[in-house]
Amino acid sequence: MSDLVLAIAQFDPVPGDVAANLQTIRRLRDAAKGAQLLLCPDLALTGLPALADEAGLCARSADALRALQADTGQADTGQGGPAVLVGLPWRPEDGGRPRLASVLLGQGRELGRRWRVGLARDPRLAEACRFAPGELAGPLALPCPDGPPWRLGVLAGAELDVPEVAEALAESGAEILLVPAALPFAPGGFERRQQHAVQRVTETGLPLVLANAAGGGGELVFDGLSLALDPARRLVALAPAFEESLLLTRWARQDDGWLVPAATGLRVPPPEEPADLYLALLTALRGLTGRLGLELAVLELSSAGALLPVLAADALGPARVYGWTAWSGRNALADALGIRTERIDAGLVQGTLERLLEPHGAGSVAAGPVHELIGTALAARLGALQLSGADRAALAAGALPGGYAPLGELAQPVIQALLRWRTTQRPDGALGPEPAALAAALAEPGPASAGPAVLPSWRQARGGTGTVPLVLRLTDGSSTASEPGYPTNTGKFL
């Protein structure tokens, strides 16, 4: 009897770019020849979070789904190559709220569809407020060439975190649990994810295969680390962190009907702390500039601290980082990183503003808003992404940086730990200097980091409101098993 060869497609679905996501799925599907099924990350056609204009997004993703369905029936590739399990938002014909669907395509037709029962409460994904829950259904059937169809139990996204969906699928005849996922990175998130997967296998006795997104940008990144567990809860396949991967697994059906691994996939150890956090920061910055189509990042050297320039050089390369400072003197770190630097006389701007404001009363203009004004204007003139060195303490004090604050959720001890780690390691893909050169530069005395103080009243000066600072959000929103309103014994999410 034929084995089930299951290909795990780990990649970065770009939010809203249905055409680009379709091309990525097609490329990975072409590379998965010999597989019976390609398992994609959650909402692979639309990316996460689902953007505004839901009606247009649903229509474009439905068109892409039909194109992908046609691909699976092309005569010149036998049966059209592997079937595909792909997710997308779907708007009902009656005009009601859209729902989330996982659709199985193969042999040029739709083989089955499963509606999402559980919706993530993570505010970054905005599922619970944007989509309606569906009804719990049984496994999907994937044709087997020389035996009964494989029965695929699909639980997506937040459904991994609770037992009811997996147990219902097992009771209705599923042979394997498939998890299309786009689980945001959080420190310790992989361990919690693996723990939930082990719990689902323990409860059902079924193997489990999870395909996670890898990449992202700005406030939301995904760490990849797609995995497969056998019925004995052993890790038999693990994909790399933060990078695209196509991982093949093979499952043999025994005489008693159980699926067991016939071959294991790539297994690489997940990055440990603080490497995982540094890679997440690097991915967030690199992904944001790519999605915005920006070739340059601008930062103020005198207030950015040491980690932000290093991170920028590692993510983008020295030639794409532009530093400015209001202070004179050599900057050893900037020299070691190879980034361009320029001195701008902030005092001239500050003095001009003070003279302009004299009719409204005497007094000096605070340095902080002046420096931010210069940075914002410089970034606009260069067509660059403005970077802020604001950390958790600065944001808590009321700072509202005008650009992207990659370190905005980190406390200073964590920032210093990341910097110490970087002086001993150079992660794969980093474009900055070797650790020894970086350590030597940091040991040199440099100009005082007398950057602008963050005034606690700055938020009040903006009227107590304003745009929420753009930072990498690190709160783990995936664990929802203890929250009310999740599946009951009826299989419904309230």
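Tutor: Start with a rule: a nonpolar core is a set of buried Ala, Val, Leu, Ile, Met, Phe, Trp, Tyr and Cys residues joined through side-chain atoms within 4.5 Å. This is a predicted model, and its largest nonpolar core has 65 residues.

Student: Which residues of the largest nonpolar core touch the most other members?

Tutor: Leu208, Leu227 and Leu387 do. Helix α6 (residues 275-292) gives the most to this core, namely 10 residues. A second, separate core has 26 residues, including Leu4 and Trp150.

Student: What is Leu208 in contact with, leaving aside its neighbours within four places in sequence?

Tutor: Its partners are Leu160, Leu177, Val179, Ala197, Arg200, Val201, Leu227, Ala228 and Leu229. Each of them counts because contact means heavy atoms within 4.5 Å.

Student: What makes strand β9 mostly covered?

Tutor: Buried means under 20% relative accessible area, and 5 of the 5 residues in β9 (residues 208-212) are buried. Leu208, Leu210 and Asn212 lie on one side, Val209 and Ala211 on the other, and both faces are covered. In a regular strand the side chains alternate between the two faces of the sheet.

Student: How do you know that β8 and β9 pair, and in which sense?

Tutor: Two strands pair if DSSP finds at least two bridges between them. Strand β8 (residues 176-181) and β9 have 5 bridges, so by that rule they pair, and the sense is parallel. Leu178 stands opposite Val209 in β9.

Student: What about β12 and β13: parallel or antiparallel?

Tutor: Strand β12 (residues 227-229) and β13 pair in the antiparallel sense, over 3 bridges. Ala228 has Ala237 of β13 as its bridge partner.

Student: Why is the contact of Asp314 with Arg422 called a salt bridge?

Tutor: The rule asks for a side-chain nitrogen of Lys or Arg within 4 Å of a carboxyl oxygen of Asp or Glu. The closest N and O atoms of Asp314 and Arg422 are 2.7 Å apart, so the pair qualifies. Asp314 lies in helix α8 and Arg422 in helix α13 (residues 412-422), so the pair ties together parts that are 108 residues apart in sequence. Both residues, Asp314 and Arg422, are buried.

Student: How many salt bridges are there by this rule?

Tutor: The count comes to 19. Another pair is Glu295 with Arg320, at 3.8 Å, N to O. Glu295 is in the loop between α6 and β16 (297-300), and Arg320 is in the loop between α8 (307-316) and β17 (321-325), so parts 25 residues apart in sequence are tied together. There is also a network of salt bridges that links Arg151, Glu175 and Arg253.

Student: Why does Glu295 count as exposed?

Tutor: Exposed means over 50% relative accessible area. Glu295 has 58% relative accessibility, so it counts as exposed. Arg320, at 25%, counts as partly exposed.

Student: Is Arg29 buried or exposed?

Tutor: Arg29 has a relative accessible area of 4%; the limit is under 20%, so Arg29 is buried. Arg29 is found in helix α1 (residues 18-31). Beyond its neighbours within four places in sequence, its contacts include Leu38, Asp71 and Thr72.

Student: Where should the model not be read in detail?

Tutor: The protein averages a pLDDT of 85, and 88% of the residues score at least 70. Over residues 447-466, however, the pLDDT is below 50. It also stays under 50 over residues 478-494. Where pLDDT is low, the predicted coordinates should not be read in detail.

Methods:
Residues are numbered from 1 along each chain as its sequence is written. This is a predicted model: local features need pLDDT of at least 70, side-chain atom pairs count only at pLDDT 80 or more; totals for chains, interfaces and linings use all residues. Side-chain values use heavy atoms; hydrogens and water are left out. pLDDT is the predictor's confidence in each residue, from 0 to 100. Helices (H or I, at least four residues) and strands (E, at least two) are DSSP runs, numbered from the N terminus. Buried means under 20% relative accessible area, exposed over 50%, partly exposed in between (1.4 Å probe, protein chains only).
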